[in-house]
Amino acid sequence: MKAAVHLSFSSALQRHVPCPPLAVEAATVREALEGAFAREPRLRGYLLDDQGALRKHMAVFVNGAAIRDRRGLADPVEAGSEIAVIQALSGG
């Protein structure tokens with residue numbers, strides 16, 4: 001069952017693609033991200049690879065916990081879930 005969830009995007013990602021926080025109806029992380037892609041199609045290429053999996057340099061958290069399914073993005077979300085999308089930075 002779909003529920004209202006909140007998506008937010010890191011400032012590092014927003015430097016490349018405008019993606020203000022938004023609320024969407026979703027039952028899974030993928031459905032939530034698809035809602036964001038519908039509003040800003042360029043976001044898809046930054047977050048997902050050619051097979052639709054989360055890119056290695058990206059991280060998604062639901063209520064503060066890292067998602068488990070980086071390939072299918074099938075982690076469930078509930079009403080009021082907070083989904084944070086960040087660019088994972090590595091030190092040099």
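Predicted model: local features only at pLDDT ≥ 70, side-chain atom pairs only at ≥ 80, totals over all residues.
Q: In what order do the elements of the protein run from the N terminus on?
A: The secondary structure comes to three helices and five strands. Read from the N terminus on, the order of these elements is β-α-β-α-α-β-β-β.

Q: Which element gives the largest share of the largest nonpolar core?
A: The largest nonpolar core has 26 residues, and Leu7, Phe9, Leu43, Leu47, Ile83 and Val85 have the most contacts inside it. Elements that give two or more residues to this core are strand 1 (3-9), strand 2 (22-26), helix 2 (29-39), helix 3 (42-47), strand 3 (58-62) and strand 5 (82-87). The largest share, five residues, comes from helix 2.

Q: Against which elements do the buried residues of helix 2 pack?
A: The buried residues in helix 2 are Val29, Ala32, Leu33, Gly35, Ala36 and Phe37. One of them, Ala36, is in contact with Phe9. The buried residues of helix 2 pack against strand 1, strand 2, helix 3, strand 3 and strand 5.

Q: Which residues does Phe9 contact, leaving aside its neighbours within four places in sequence?
A: Phe9 is among the residues with the most contacts inside the largest nonpolar core. Leu43, Leu47 and Val85 are also in that group. With neighbours within four places left aside, the contacts of Phe9 are Gln14, Cys19, Pro20, Leu22, Ala36, Leu43, Leu47 and Val85.

Q: Which residues form the covered face of strand 5, and which the uncovered one?
A: In a regular strand, side chains alternate between the two faces of the sheet. In strand 5, the uncovered face holds Glu82, Ala84 and Ile86. The covered face consists of Ile83, Val85 and Gln87.

Q: Which strand runs parallel to strand 5, and which runs antiparallel to strand 5?
A: Four bridges join strand 5 to strand 1, and this pair runs parallel. Within this pair, Ser8 stands opposite Ala84. Strand 3 has five bridges to strand 5, with Val62 partnered by Ile83 and Val60 by Val85.

Q: What distance separates the C-alpha atoms of Ala84 and Phe61?
A: Ala84 and Phe61 are 23 residues apart along the chain, yet they touch. Their C-alpha atoms are separated by 5.1 Å.

Q: Which residue in the turn between strand 3 and strand 4 has a positive phi?
A: Strand 3 and strand 4 (residues 65-66) run antiparallel and are joined by two bridges. Phe61 stands opposite Ala66 in strand 4. The two strands form a hairpin with two residues between them. The residue with a positive phi, about 50 degrees, is Asn63.

Conventions:
Residues numbered from 1 in each chain as written. Heavy atoms only, no water. Core = buried A, V, L, I, M, F, W, Y, C linked by side-chain atoms within 4.5 Å. Buried < 20%, exposed > 50% of the residue type's maximum accessible area, 1.4 Å probe, protein only. Contact = heavy atoms within 4.5 Å. Pairing = 2+ DSSP bridges.
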